[in-house]
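Hi,

Here is the structure I promised to pass on. Have a look at it first, and then read on for what turned up.

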Amino acid sequence: MLLDGAVDQLSSGVLKDGRVVLNIGDAVVGARRGTAVGDANGSARTAFDDLSPATVIASKALWEQTFSSGGKRVYLPDLSLDLLARARHPERLGRELCQTRKRPQPKEEAQAQELLRSLRHRARVLKLLPEADRTEVLGRTLAGPLIKLALLCGSLPSELVAEAQGLAASLVPPSAEEPLSSLPLVDRVLLHALAHRERVDLEELLVARAREGTSVPLRFYGDRLRVTLPVLERLEGLPGSLLTPQAADSCAFAATHGLRVVEDGLEVTGRAYLYGVRPQDTELQLELVSGHGDAQVLDWSPCGAPQADLYANDPWTSYVESGFRAVISVDALAGEAQIRVRLRAADHELSTWLPAPPQAVGRCPGACSGTAWTWWPGEDGETCISLSEAPQPSDLAELSVIVAGASLVGCKLRLMLQTNGGQLTGLEAVSSHGTVPFTLTEERGTLSAVVDLQESGLARGGHRLRWLTADQQGWCQAAPDLEVATLKLLGTTHGARLRAAIGGEAVLTLTAPLTVFEQSAYGRQQLVQETFGPLVDAVLFESFRGRSTADNPGAIFQDFKEYGVNVPLWWSVEDGAAPQGSVPVVTGSCQWFRALRTARVIVTNDNLPYWFRKQPGQHVLQTWHGSTVKHLLRDALGQTVSLPYRHLMARQVSQWDLLLAQTEQAGQRLCSAMGYEGKVLVGEYPRNVGLLGGEKVRLRARRALGIDAATKVLLYAPTWREALRDGPRSALGLFDPVALAASTGVTVLVRSHHMNELRADGVGVVDVSQYPNAEGLMLAADVLVSDYSSIVFDWALTGKPCVLHVPDLEEYRQERGLYGRWPDDSGLPVSRNQAELTDAVLAALAAPVPAQVPDPEPVQQTLKQVREWITEALGLE
């Protein structure tokens, strides 16, 4: 798409005789703004940085010369690279001439094939460059695509991985001193492994990268810094030059906590550190730099930064000692100034500018009458400060609402508010999950907004706070204290953080009830390495990694509790709300780590955390969570199961002591797919004890949903889809629930799989994704619509009709894979579009359904056998 003035630029800017005009002065798709190109001698080496389509414009003769050297398929990025290598006099053009449309990202194998083809082409083009430029350009043009290729290898077939490793071996020198020295260590090691190590080592690095991130711990040994990354200790024979710390292995970080006027000047608080280096091993210097470049060193004193680890996301290094406090005196400031941060550890010295605080623009009266301190963000986000004449007060002020503080007692969150006038009519939390109102109260002259976090359904994550009056609305601002430090609250079922965002706006974030230490990557790593003592005669229950207290573990818990076994029963839960008769342990908390390490029996229906290792004398009951319809683990295509999950399950499956399976066929498929060779208990799933509740439970569930006894009810319960895992999605992508309700006269219940966030609402539609158990919904419904979910096997016990709606059957079968000939061998009606679904539902509703109460014997027999197994594992009679 040509922009205004493009033709003039082309006609006046493109040179002849093979000279290339590079369009990278402004933002270009795929390139960074302001990339420098060329030098006084016309060298093209720096032009290879951030090369992208539309950055090269050349004469027709040079285009034809380049085309003639290519194959049948020609890719614009490679042509651009080829042109640049052939050009004698590259020049820079400082305007954007065209805009390219982003291509859809291909699947893993197709993406790898394209990277391989491009890398081969680029390797050939490098031979056209002078020898002096080749090494530098090699690192710039090949390192990025090679890293992308290496990251894909975890989901590629063996032949493609071998091809990638062969190509990398021809490009990356074994010593790795050049051209990889400018890359971060994790990338240097990854490329070395791709080129010169076995696939098992490459996968070890990929798994560690996925679990632990890319941070690198740098520790002093004598007077030198060395890398102490645990995964490297498991890989022998790595070149020493590869592990020598480089400038790219760390970066200077600085953050402003707040600015405020004190008696002797302007107080600045913040934190600063070298990433990967402990603050106590780092020298810090703060400089006040004037607009003329003059710098003076500021005195500073240490102060706490208790939440630094929460934001650093570094599992190896703690930065809670990185806080500082400095005061800028009136005499020190002449005109505008910024604060430069210098950090040094051994021979690593980096600097950065102190960024603007959350309250991006501020103005406070100075200690001297008639003056005011002012601060604002500069062009690059740095803090700019000046001392100027104070403005005259204004009689007019817009209505503002400030969140001055908060408290969290149990589940009740209270926000303390301050206003400069006006009558508030409401306050609400706003996020992508929706809007939740608070209740306004006033006690002893203090205005507050209150919400029950459990009853309101306020979702976890960040929320903006909007105030309302009869004729206005706006966003709440944070009190000055919140600009300095985030307010952290802990309740029984939730945690909450209140902080100031950019511009001073108040932001409420709801979390699990965990401490800052427990939430931080560093804290989690410390707890992983902790030892918690001997085993305890206790049972830990966990369902879907703490997101539920239902399914098979929930039924086993209820049965075990009813028989009065006198041992602690712990429940792993995300929000601290556990079933009566149990002790909650919040996932991620110190108590949760202790329970996993010390409970003699663990009952789960999913994988345990990646770090889990069964202790001697510990027993794991894996109930799983459904019979097999879609391919699992080793039976699934490589790209549908991530490499970290495959490694995790390969290690954990061997630690199971008993596996539950609903049928013999399901047991065989589970064992084959997961490589399990231990004991299998075949029998009706424990969770289906919930289907024995009959009419009483049916009516109770309907009352809870606001549905009368006579209304026909349809339950839609699909399985999860990879494409729906990136946030809330409408059910309209699969079917139209409102249209189905209108055309069939039923009330449609939509229950999202816990791995998706399927949304549905409208006339005749009820979202039941948060209903505590599926069994109550199955009893409440008259017909089930599902697809590839194992819920159909549980539903079969009710004898009521079921329809399989599979609009994406070919795609799902190709991407995920299905056992047998599902859905053709299911014996159930199948629909592929909305019209077929409507007809199938109407036919199901018209067919007489005899009353059927599930036989209690099979499920009771399973519960008895499980109870006896747990009792024996505990050593009880």
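Two strands are counted as paired if DSSP finds at least two bridges between them. Please keep in mind that this is a predicted model.

With that rule in hand, take strand E32 (residues 599-604) and strand E33 (residues 619-622): they run parallel and are joined by 4 bridges. Within this pair, isoleucine 602 sits opposite valine 620 of E33.

Both strands belong to an open sheet of 7 strands with parallel pairing, in the order E31-E30-E29-E32-E33-E34-E35. Strand E31 (583-586) and strand E35 (680-682) form the edges; each has a single partner strand, so one side of each lacks a neighbour in the sheet. On average, neighbouring strands here are turned by 20 degrees against each other, direction ignored.

Helices lie across this sheet too. Helix H19 (residues 664-674) lies across strand E34 (658-661) and E35, at about 135 degrees to E34.

Among the residues making the contact are Leu115, Leu116 and Leu119 of H4 and Leu138, Leu142 and Leu146 of H5. By class, this contact has 12 nonpolar, 2 polar and 4 charged residues.

Terms used. Residues are numbered from 1 along each chain as its sequence is written. This is a predicted model: local features need pLDDT of at least 70, side-chain atom pairs count only at pLDDT 80 or more; totals for chains, interfaces and linings use all residues. Side-chain values use heavy atoms; hydrogens and water are left out. Helices (H or I, at least four residues) and strands (E, at least two) are DSSP runs, numbered from the N terminus. Axes are lines fitted to C-alpha atoms, for helices over the stretch in contact, and angles run from 0 to 180 degrees between N-to-C directions. Contact means heavy atoms within 4.5 Å. Ala, Val, Leu, Ile, Met, Phe, Trp, Tyr, Cys and Pro count as nonpolar, Asp, Glu, Lys and Arg as charged, and the others, Gly among them, as polar.
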